[in-house]
Each structure stands twice: as C-alpha cells, then as structure tokens.
Amino acid sequence: MRKKGFVLLDLDDTILDFQKAEKRAFDEAFSQLGVESTEELLTRYGQINRRCWEMLERGEMRREEILVHRFRLLFEERGLTLSPEETQRRYEDLLCQGHFFVSGAEALLAELHGKYPLYLLSNGNLRTQEGRLRSAGIAPLFEDIFISEVMGYNKPSRAYFDACFAQIPGFDATRAVMVGDSLTSDILGGINAGVKTCWFNPRGMPGREDIRPDHEIRALAELPPLLEKLFA
C-alpha cells in the first residue's frame, strides 16, 4: 500500500548527473568545431551558464535566448570566432545522448517506487530531458513528468508549481515535499508553492539566509528515512 505523500523530485544533479553530461557534450562539441576544450574554459562556461539560467528563473530572459546567449558571451570574452548558434546545436545534439546517474539515484528510485507517488519537475529543455530520460529508462517510475518548457512557466515561479499541482490527482500541498539540488530553483520554488522542501547538498555548499529549506541531506540514501518521518 502506497503512503499518502507526494514526492516531487528535480532531475538535473538530483537524479541524473548533469555536470558529467555537460562536460562530455561540451568537450565533444568543441572538438568537432576544432577548438580544444580545457577545464578552465568549461568552468568559465559553467559560470556564465548558471548566471543565464538564474536570469531565466527571475523571468529576465527567455529560454530560447539563453541557450545561444551563453555561448555568445563566452566567445566574446575569449575572442573565439565560433558561431554561437552552431555550437548550441551541436552541444544540444550531444547532450540528448546517454546519461549518468547521481550516486545513489538508482537505489533511491527503486526504494521509493511503489511506496510513494513520484513526480519529476525539471527546468531543462524538453528535447534534452526526453533524450536523457529515454536513455536512463526511468520515466515509467514517475506518475507524471513536468518539464517547464511544456508547462509554460519555470521554477521557482508559483505559476509553474500551480500548473503541475493542477495535474496531480488529489494533490495535497501539506503532504508534499520538493527535493532538489538548487536553492534558487527547487527550494525557493517549493517555498513559493507552500510545500515542504529538502535540499540535496552533496558537496556541502553554504546555504543562504534568504532561502531556507525545511530539510537538508548530503546523500540520497538519507531521503527514504526522512520521508518516513514526514509522511508517518
């Protein structure tokens, strides 16, 4: 018998390791374009990319804009004469292929599936996420999958969560928890939506005074016992 609780899971760097996938796609895309991909270049891209996605979260930039804009900023900064549009196309094509699991994610899903109704909430691009989910074979473990590009809103907006909740039969916000690695997307979104929040923080990153999760875990194995307490 399933327990009465709604478990809302982020995908990138909570279930599937986006950082590994990003590095592989970035390195291969730049190799195809005849440019050596260095750790320093990838790190700088990551910083620019995070800044762009945070602008999306705040509603300051559209999704289709940031995908190319991040490469344009990087190339302008480094004096590279590559096409941002072509780089984005190659990068996305590669990012759709294959997957990497976050440590403990497969065991977590196996333990939770059938015990709680699981829902996946992602800000990622539809094409990319569909490809990675297909590769990982985990879509059937979820009652539903809500990708922001389809929903028409992005985390952390209340509108995104309201749109998701409207599609969950018998949803009860008092019996739900949002689990994710991003304070500005998952945790702030959960707070905005009025559900409990659990920050997955495997690297022990410092928190923020203005975004306080209800719970924090360092390993996914800590989630099942926490859920037992929350939904007792």
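The model described here is a predicted one. C96 itself counts as buried, with a relative accessibility of 13%. C198 likewise takes part in no disulfide, the nearest cysteine sulfur being that of C164, 18 Å away. C198 is buried, and its relative accessible area is 0%. A disulfide is a covalent bond between the sulfur atoms of two cysteines. For the structure, the count of disulfides comes to 0.

Side chains of opposite charge can pair when their charged atoms come close. How many salt bridges does a search of the whole structure find? The search finds 22 salt bridges. One of them joins R58 to E60, with the closest N and O atoms 2.9 Å apart. E60 is partly exposed, at a relative accessible area of 46%.

Another salt bridge brings together the side chains of E77 and R78, at 3.4 Å from N to O. Both partners are partly exposed: E77 has a relative accessibility of 39%, and R78 has a relative accessible area of 30%. A further salt bridge links E216 with R218, and here the closest N and O atoms are 3.3 Å apart. E216 is partly exposed at 39%, and R218 is partly exposed at 46%. Elsewhere, salt bridges with shared partners connect E86, R89, R90, E92, D93 and R127 into one network.

Is S182 buried or exposed? S182 is buried, since its relative accessible area is 18% and the limit for a buried residue is under 20%.

The side chain of S182 has polar partners in the residues that follow. With the side chain of T184 it makes a polar contact at 3.4 Å. A polar atom of the S182 side chain also lies 3.0 Å from the backbone nitrogen of S185. Once the neighbours within four places in sequence are left aside, S182 is in contact with I187 and W199.

Methods. Residues are numbered from 1 along each chain as its sequence is written. This is a predicted model: local features need pLDDT of at least 70, side-chain atom pairs count only at pLDDT 80 or more; totals for chains, interfaces and linings use all residues. Side-chain values use heavy atoms; hydrogens and water are left out. A salt bridge is a side-chain nitrogen of Lys or Arg within 4 Å of a carboxyl oxygen of Asp or Glu. Buried means under 20% relative accessible area, exposed over 50%, partly exposed in between (1.4 Å probe, protein chains only). A disulfide is a pair of cysteine sulfur atoms within 2.5 Å. A polar contact is a pair of N or O atoms within 3.5 Å; within protein, one must be able to donate a hydrogen and the other to accept it, and residues adjacent in sequence count only if both atoms are side-chain atoms. Contact means heavy atoms within 4.5 Å.
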